[in-house]
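Please keep the sequence and the structure in view while reading.

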Amino acid sequence: MKKHFLLYILIFVIIFCCFIYAKTNKSENQKNEVVFWTLQLSTFDKYINNIISEFEKENPTIKIKWIDIPYSEGEKRTLASILTDNPPDLVNLTPDFSLLLAQKNALYTIDKEDLKDYLPSILETLKYNDKYFGIPFYATTAVTLYNKEILKGNPPKTYDELLSSKNRIMLNLAENDTLLKILNKYNINSPETINNDKSIKLFELIKKDYLNGNILKESLTQTHRDSLEKYMSGQISILVTGANFINMIKENAPSIYKNTEISYQLVGDTNAYDYSLMNFVIPKKAHNKEIALKFAIYLTNKTNQLEFAKLTTILPVNKYALKDDYFTKEIDNTIETKARIISAIQLNNTQPPIKNIKNKKELNILSANAIQEILINNADIELTLNNLSENWEKL
């Protein structure tokens, strides 16, 4: 009986030790695994997998688990995961949605010292309450394409010149934050400035062009994609667009491409350029925050950013990569090369984004409603902008 009792004790000890070992081993594996989400980048799987492989070689105790998800599901899946106790460690998002998460106190704060290799102006987009909530991934900045065969006069450099020209144009004024970006280039970017004299004069100029037919009526109902189609069919002579659309024009409208020249993005009186950004965030509940940050910085170092830029039409956010000859020397006379160099120059002179607010989408809707009231319903400009100012203040 005593022998049986000792045997039971021995079996229990063995089982208990195995349980502790398995739990410890599982915990150790979880500790060293970084779950990494991107938005629709599977096309570049070879590039990303190579970076992961090199990083894991340099850090043999770390495992990167990469998951690529559809762009349309990014926000929904990220939000759902952050509400749990097991979110991904590193997530690729847009600054607007990242800001929303930062305002909910759901993100890990990044030290300024960890971000020293990135363009300072870009970092301002990822700042809330004087704290950084993200790591830059890549940027794009629009350029101005014009059809030299049908353009009337010299290519405009500013929106004032564009609106004063005789060219038929399409501005997509009610699409997303297009109008807000134009206004921001004149430092019209707050409830206090939206209804000042400079803003009123700009809206008056837009209204004049809309009524005389220079601004197409579709500018209030159609998208940038429609503007692209109109440019490729020769209906408009000027298109402000990303460099990634040049190849589409080349393939689908070769005669238009042949007559296309390029210039800098249209500016306001600040003479600075806007841009779009993608970034990474680290959820506050992530299990491996420091390792995730280390991998994000590795992924966006000079070498890896430069390689990614050569595979795509994106711009590096690493300031050392942006100084490479690839972005500074014109090796040929193609529009694509000119676009790359112009885009890189623009990224070094960017307009600070509109100050962070909690309801960016609502502000986009308010501004779109205001321009529609002014242009379609002939609403009084000053009164409409006063109402917009009051509603903006409430946001």
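Is Lys285 buried, partly exposed or exposed, and what is its relative accessible area? In this predicted model, Lys285 has a relative accessible area of 42%, so it counts as partly exposed.

Lys285 forms a salt bridge with Asp85, with 3.5 Å between the closest N and O atoms. The pair links distant parts of the chain, since Lys285 is placed in the loop between S10 and helix H12 (289-299) and Asp85 in the loop between helix H3 (74-82) and S3, 200 residues apart. Asp85, at 59% relative accessibility, counts as exposed, whereas Lys285 is partly exposed.

## Strand S10 and its partners

Strand S10 (residues 276-281) is largely enclosed by the rest of the structure, because five of its six residues are buried. Strand S3 (residues 90-93) pairs with S10 in the antiparallel sense over three bridges, and within this pairing Val91 stands opposite Val281.

Strand S6 (residues 135-140) also pairs with S10 in the antiparallel sense, here over five bridges, and Thr140 has Ser276 of S10 as its bridge partner.

## Further salt bridges

Side chains of opposite charge can pair when their charged atoms come close. The count of salt bridges in the model comes to 13. One of them joins Glu261 to Lys148, the closest N and O atoms being 3.7 Å apart. This pair, too, links distant parts of the chain: Glu261 belongs to strand S9 (residues 260-263), while Lys148 is in the loop between strand S7 (143-147) and helix H6 (159-164), 113 residues apart. Glu261 is partly exposed at 22% relative accessibility, and Lys148 is partly exposed at 42%.

Another salt bridge is formed by the side chains of Arg225 and Glu229, at 3.8 Å from N to O. Arg225 and Glu229 are four residues apart in helix H9 (residues 224-232), so about one helical turn separates them. Arg225 has a relative accessible area of 44% and is partly exposed, as is Glu229 at 40% relative accessibility. Elsewhere, salt bridges that share partners join Lys148, Glu261 and Lys338 into one network.

## A patch of positive charge

On the surface, Lys152, Lys166, Arg168 and Lys208 gather in a patch of positive charge. Of these residues, Lys208 is placed in helix H8 (residues 197-211), and with a relative accessible area of 55% Lys208 is exposed.

Terms used: Residues are numbered from 1 along each chain as its sequence is written. This is a predicted model: local features need pLDDT of at least 70, side-chain atom pairs count only at pLDDT 80 or more; totals for chains, interfaces and linings use all residues. Side-chain values use heavy atoms; hydrogens and water are left out. Patches are made of residues with over 30% relative accessible area and no salt bridge: like charges are joined within 9 Å, nonpolar side chains (Val, Leu, Ile, Met, Phe, Trp, Tyr) within 5 Å. Accessible areas come from the Shrake-Rupley method with a 1.4 Å probe; for residues, only the protein chains shown count as cover. A salt bridge is a side-chain nitrogen of Lys or Arg within 4 Å of a carboxyl oxygen of Asp or Glu. Lys and Arg count as positive and Asp and Glu as negative; His and the chain ends are not counted. The place of a charge is taken as NZ of Lys, CZ of Arg, CG of Asp or CD of Glu. Helices (H or I, at least four residues) and strands (E, at least two) are DSSP runs, numbered from the N terminus. Buried means under 20% relative accessible area, exposed over 50%, partly exposed in between (1.4 Å probe, protein chains only). Two strands pair if DSSP finds at least two bridges between them.
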